[in-house]
Amino acid sequence: MTKAVVLGAAGGIGQPLSLLLKTNPLVKELSLYDIVHAPGVAVDLSHIATPAKVEGFLPPNDGLKKALTGADIVVIPAGVPRKPGMTRDDLFKINAGIVRDLATGIATVAPKAFVLVISNPVNSTVPIVVEVFKKHGVFDPRRIFGVTTLDVVRASTFVSEILGDLSLTPSVSVPVVGGHSGVTIVPLLSQSTHSLPAGFAQSSLEALTNRIQFGGDEVVKAKDGAGSATLSMAYAGAEFAGKVLRALKGEKGIVAPSFINLAADKTGGAALQKELGKDLEYFSAPVELGPEGVVKINGLGKLSDYEKGLIAAALPELETNIDTGVSFISPAKL
Ligand SMILES: NC(=O)C1=CN([C@@H]2O[C@H](COP(=O)(O)OP(=O)(O)OC[C@H]3O[C@@H](n4cnc5c(N)ncnc54)[C@H](O)[C@@H]3O)[C@@H](O)[C@H]2O)C=CC1
Ligand SMILES: O=C([O-])CC(=O)C(=O)O
């Protein structure tokens with residue numbers, strides 16, 4: 001009996017993500033929570049002929065508590081999205097408090113649930129969730145994930161476009177590491193399952209890297225004030241949640257990049273910090289998943305000199321983003 005919960009379920013991401021979770025056969029119960037419209041979205045989804053039982057909750061009458069009771073996996077797309085001209089960090093002022101309050105609810109009601117954080121800025125909101133869990137004495141680094149899957153999805157799509165064959169997309173896999181904003185997004189294109197065309201110029205590689213790093217801006221610009229990626233994010237969120245659910249059920253060998261606390265696997269985390277040359281507490285790396293969450297943090301593999309430069313450029317911003325999140329909850333630590 002697996003219960004999934006979506007917090008922020010009536011939003012641009014929340015609705016299609018809830019739809020996709022409703023169609024996942026591993027989900028037996030689906031609870032939707034939002035400050036608006038969640039019961040209506042739930043009734044709508046409840047007519048779909050798949051097994052998951054759907055319920056929707058609003059804040060009054062302990063709605064958050066009811067939504068979270070018995071949760072195995074909680075996905076958080078609650079919060080405001082960007083408008084043109086904004087960075088993800090500009091969202092921190094509003095989203096930090098939203099994520100803190102929702103994390104407090106999870107830590108109190110469903111401390112063992114897997115928590116998948118979509119709300120931006122992910123590089124800071126994941127540390128917020130972790131600090132809240134620490135304060136409640138329920139922190140397990142293996143169970144808290146920043147969802148960076150959209151960067152991986154974009155990398156597969158853009159590489160397939162360059163190879164001139166979109167039908168390759170499902171099998172093209174490119175590790176994307178670091179974090180989830182601008183230069184902290186580091187695609188390791190040299191490790192793509194499908195090589196770029198022979199003679200692919202360095203300038204083209206840089207343009208492709210830039211497109212993956214700033215893919216979010218492409219959508220924000222195209223939506224022209226109406227928000228940021230929602231449908232592709234819902235797809236990516238459902239894909240990552242699906243992997244976590246399969247691992248929870250005992251399937252072995254599932255690996256996916258995610259922004260995690262490196263204490264999730266002490267040996268792998270320490271080895272990664274050594275590779276990075278920096279004692280970062282968080283990093284998005286390929287992680288192997290199991291029934292208890294992160295089983296193993298994989299290293300970066302063989303990097304090109306260009307990729308080494310991208311990692312070096314990502315580290316200072318990542319460190320600042322992480323500190324911003326930690327100090328929002330635990331100012332004394334810094
Ligand atoms: N990790 C990633 O790759 C991506 C992250 N995002 C982020 O996801 C977040 C959501 O984006 P959208 O769905 O487009 O925004 P949206 O504005 O369409 O939806 C957000 C939803 O959150 C709800 N909400 C606000 N405060 C809440 C609270 N305290 N409790 C429960 N629900 C609350 C709102 O009522 C709304 O329904 C943004 O922060 C955005 O930047 C967006 C795309 C990709
Ligand atoms: O760009 C944004 O603000 C939303 C996001 O995280 C993405 O699309 O990758």
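From which domains does the shell around ligand 2 draw at least three residues each? The shell draws at least three residues from each of domain 1 (3-147) and domain 2 (149-328), the bounds of which come from an automatic or database domain assignment. The structure is a predicted model, in which local features need pLDDT of at least 70 and side-chain atom pairs count only at pLDDT 80 or more, whereas totals for chains, interfaces and linings use all residues. Residues are numbered from 1 along each chain as its sequence is written, while chains are lettered from A and ligands numbered from 1 in the order in which they are written.

The residues around ligand 2, where a residue is near a molecule if its C-beta atom, placed from the backbone, lies within 6 Å of it, are P81, R82, R88, N120, L150, G216, V219, V220, S228 and A229. Helix α8 (residues 215-223) supplies the largest share of this shell, namely three residues; helices (H or I, at least four residues) and strands (E, at least two) are DSSP runs, numbered from the N terminus. By class, the shell around ligand 2 comprises five nonpolar, three polar and two charged residues, where Ala, Val, Leu, Ile, Met, Phe, Trp, Tyr, Cys and Pro count as nonpolar, Asp, Glu, Lys and Arg as charged, and the others, Gly among them, as polar.

Ligand 1 is surrounded by 34 residues, of which G8, G11, G12, I13 and N120 are the closest. N120 also belongs to the residues around ligand 2. In the shell around ligand 1, helix α4 (residues 92-109) provides the largest share, with four residues, and the division by class is 19 nonpolar, 12 polar and three charged. At least three residues of this shell come from each of domain 1 and domain 2.

The centres of the two domains, taken over C-alpha atoms, are separated by 21 Å. Between them, 40 residues of domain 1 are in contact with 44 residues of domain 2, contact being assigned to two residues if their C-beta atoms, placed from the backbone, lie within 7 Å. On the side of domain 1 that touches domain 2, two or more residues are given by each of α1, β4 (73-76), α4, β5 (114-117), α5 (122-135) and β6 (144-146), with α5 giving the most, nine residues. The residues of this side divide into 27 nonpolar, six polar and seven charged.

Helix α1 (residues 14-22) packs against helix α9 (residues 231-248) at an angle of about 35°, with the axes 8 Å apart; axes are lines fitted to C-alpha atoms, for helices over the stretch in contact, and angles run from 0 to 180 degrees between N-to-C directions. P16, L17, L20 and L21 of α1 make the contact with L231, A234, G237, A238 and A241 of α9, giving eight nonpolar, one polar and no charged residues.

For helix α6 (residues 149-162) and helix α7 (residues 202-213), the axes come within 9 Å and cross at roughly 145°. This contact involves D151, R154, A155, F158 and I162 of α6 together with L208, R211 and I212 of α7, and its residues comprise five nonpolar, no polar and three charged.

Strand β10 (residues 282-290) and strand β11 (residues 293-297) run antiparallel and are joined by four bridges, two strands being paired if DSSP finds at least two bridges between them. The two strands form a hairpin with two residues between them, and L289 stands opposite V294 in β11.
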